[in-house]
Amino acid sequence: MCAMRPEPVHEPGPSGQGHGVQGHGVQGHGGPGDSGVQARPAAPRPGGEGWKAVLTPEEIRRALTRIAHEILERTHGGEGVVLLGIPTRGVYLARRLAARIGEFEGTAVPVGSLDVTMHRDDLRLRPARALQRTQVPPDGVDGKTVVLVDDVLFSGRTIRAALDALNDLGRPRSVQLAVLVDRGHRELPIRADYVGKNLPTAHREKVRVQLAEIDGEDSVLLGEVDQ
Amino acid sequence: MNRHLISAGDLSRDDAILILDTAEELASVEGRAIRKLPTLRGLTVVNLFYEDSTRTRTSFEAAAKRLSADVINFSAKGSSVAKGESLKDTALTLEAMGADAVVIRHQASGAPRRLTDWVSGRVVNAGDGTHEHPTQALLDAFTIRQRLGRAEGTGLYGTGADRRGQGLDGLRVTIVGDVLHSRVARSNVLLLSTLGAQVTVVAPPTLMPLAVETWPCRASYDLDAELGKSDVMMMLRVQQERMTAAYFPTIREYRRRYGLDTGRMALLPEHAIVMHPGPMNRGVEIAAEVADSDRSTIVAQVANGVTVRMAVLYLMLGGATEGAA
């Protein structure tokens, strides 16, 4: 797994992170090395007070298009690729990526979903949650290149759970990770192979991804503290 | 979810649908390379069975093991119970061993409720006397939804449709037989009506409970009148072991008036299914040809038992152990 891509909007890794970054660095955009996209008042999205849009629908569209191209490059035309979205929003992102890959190459990439609830390490901290759907494409994952797709990469714990869940489904040849937003603050040695946008954040800030399929519109919002 | 599962009547519609939806998802674990989830690792589930049971005990055991819980089977036979130990002392022993959940079957109605006073873990009623058997009702509801649930908005029956979030609204369920002694009937009437089904119980007058008019269902003595208007026929076992008096003259007469044979099956609507909680008395409440027909869900019910019990154990034990339960 290697994340080195000479893409314009890409950073090798999240900048200035580490646990417990408190009190400063609250700005949700224009992080060092970033191409300084958003900043423009992207029509203060509904979603309540204290939320500010950091990615517009067009930027999300471009980021997904780029990731789709990157997946094709890295996997030699998408051969043996299976996209598995992590519910809820990762599933929609995986479908969009598959649709783009289909447009570019004319190949149908199998898409599925992978619920990680039963493998989480924080189950005992909250009341039992409802399970989401796991749907593995009919050909399974054995010997395939599985690309996990999620909306936000944060502590990395969801991805650890996903790797465990995947382990019980079969033995992929390799596993890669695509995320729309990497907000830093990793707690585990996990890194994404495809990143839509690196978003430096303070630990206490919240990142919310909204997608047209369920939220009515596309946006990525950054919110202050207890929302 | 409630802290304990004692009565199907304790479940709200939302709770019940959450259990069915969770089971729907867990059913897919069956088809995987590794049929095990790590969710309840390190937790102990005790199966405390004072009555004989094959399918319920093994079903709970399989469910707990698929979720990686440690299972201790404790049956009255060959234990200190045979030496006269009381339920309370047994409970205190289990408590000392650190049981996170106790699955109890007992011949006395109300024993599971009593047990909740003595153990700190969760209590799941796996059948108490002639009172209730809530997980059987849940697996029956799951089976009905699987076979007859309506796809959202269409009102059509169909398999394969996404029935998550749906109840059993409008389905007509007829429960036939020894309603008086049946904990399965009691739990099913409560749960299925919570889920929106129209339930009718049919029994000979001697096997109809006295207070049946207080139940959320219709009651009838005439099976033939109900055949044409039933989506589900649930046949109950004639429980000879609980019958202390002569409730009907002969088995043959019971079969003639209340047994489901091929002639009666032919009068059911085309899509109707036939259920039985098992163990069956073939040739008494249900004819062998009916039990083996493709309308019968009896084998599916057993398979669904494991996934529904996994859902119950997960929802009761999988989350935070204190606080909002």
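The radius of gyration used here is taken over C-alpha atoms, and the globule rule is 2.2 Å times the number of residues to the power 0.38. With that in hand, here are the views of this predicted model.

**Figure 1. Chain B as a whole.** For 325 residues, a compact globule would have a radius of gyration near 20 Å, and the 19 Å of chain B agrees with this. Along the principal axes, the C-alpha atoms of chain B fill a box of roughly 55 × 50 × 35 Å. The secondary structure comes to 11 helices and nine strands. Of the 325 residues of chain B, 47% count as buried. Among contacts in chain B with a separation of 6 or more, 74% join residues 24 or more positions apart.

**Figure 2. Helices α5 and α6 of chain B.** Here helix α5 (residues 134-148) of chain B packs on helix α6 (residues 183-194) of chain B, with the axes 8 Å apart and at an angle of about 55 degrees. The two helices, α5(B) and α6(B), are therefore oblique to each other. The crossing of α5(B) past α6(B) is right-handed. From α5(B), the contact draws on P134(B), Q136(B), A137(B), L138(B), D140(B) and A141(B), while α6(B) supplies V184(B), S187(B), N188(B), L191(B) and L192(B). By type, the residues of this contact of α5(B) with α6(B) are seven nonpolar, three polar and one charged.

**Figure 3. Where chain A meets chain B.** Chain A brings 16 residues to the contact and chain B brings 19 residues. On the side of chain A that touches chain B, you will find eight nonpolar, three polar and five charged residues.

**Figure 4. Two cis peptide bonds.** In chain A, the bond from P87(A) to T88(A) is cis, with omega near 5 degrees. T88(A) sits in the loop between β2 (81-85) and α2 (89-105) of chain A. In chain B, the bond from G278(B) to P279(B) is cis, with omega near -10 degrees. Look for P279(B) in the loop between β9 (273-275) and α10 (288-291) of chain B.

**Figure 5. Positive phi without glycine.** H185(A) is not a glycine, yet has a positive phi of about 65 degrees. This residue, H185(A), lies in the loop between β5 (174-182) and β6 (194-198) of chain A, and counts as buried because 20 C-beta neighbours fall inside 10 Å. S68(B), also not a glycine, has a positive phi of about 70 degrees. Its loop runs between α2 (55-66) and β2 (70-75) of chain B. With 15 other C-beta atoms within 10 Å, S68(B) is partly exposed.

Figure 6. D139(A) belongs to the loop between β3 (111-113) and β4 (145-153) of chain A. With 11 other C-beta atoms within 10 Å, D139(A) is exposed. P110(A) is 29 residues from D139(A) in sequence and 8.5 Å away in space, C-alpha to C-alpha.

Definitions and conventions. Residues are numbered from 1 along each chain as its sequence is written. Chains are lettered from A and ligands numbered from 1 in the order in which they are written. This is a predicted model: local features need pLDDT of at least 70, side-chain atom pairs count only at pLDDT 80 or more; totals for chains, interfaces and linings use all residues. Two residues are in contact if their C-beta atoms, placed from the backbone, lie within 7 Å. Ala, Val, Leu, Ile, Met, Phe, Trp, Tyr, Cys and Pro count as nonpolar, Asp, Glu, Lys and Arg as charged, and the others, Gly among them, as polar. Axes are lines fitted to C-alpha atoms, for helices over the stretch in contact, and angles run from 0 to 180 degrees between N-to-C directions. Helices (H or I, at least four residues) and strands (E, at least two) are DSSP runs, numbered from the N terminus. Angles under 35 degrees count as roughly parallel, over 145 as roughly antiparallel, 65 to 115 as roughly perpendicular and the rest as oblique. A crossing is left-handed if the near helix is turned anticlockwise from the far one by less than a right angle, and right-handed if clockwise. A residue is buried if 20 or more other C-beta atoms lie within 10 Å of its own, exposed if 12 or fewer, and partly exposed in between; C-beta atoms are placed from the backbone.
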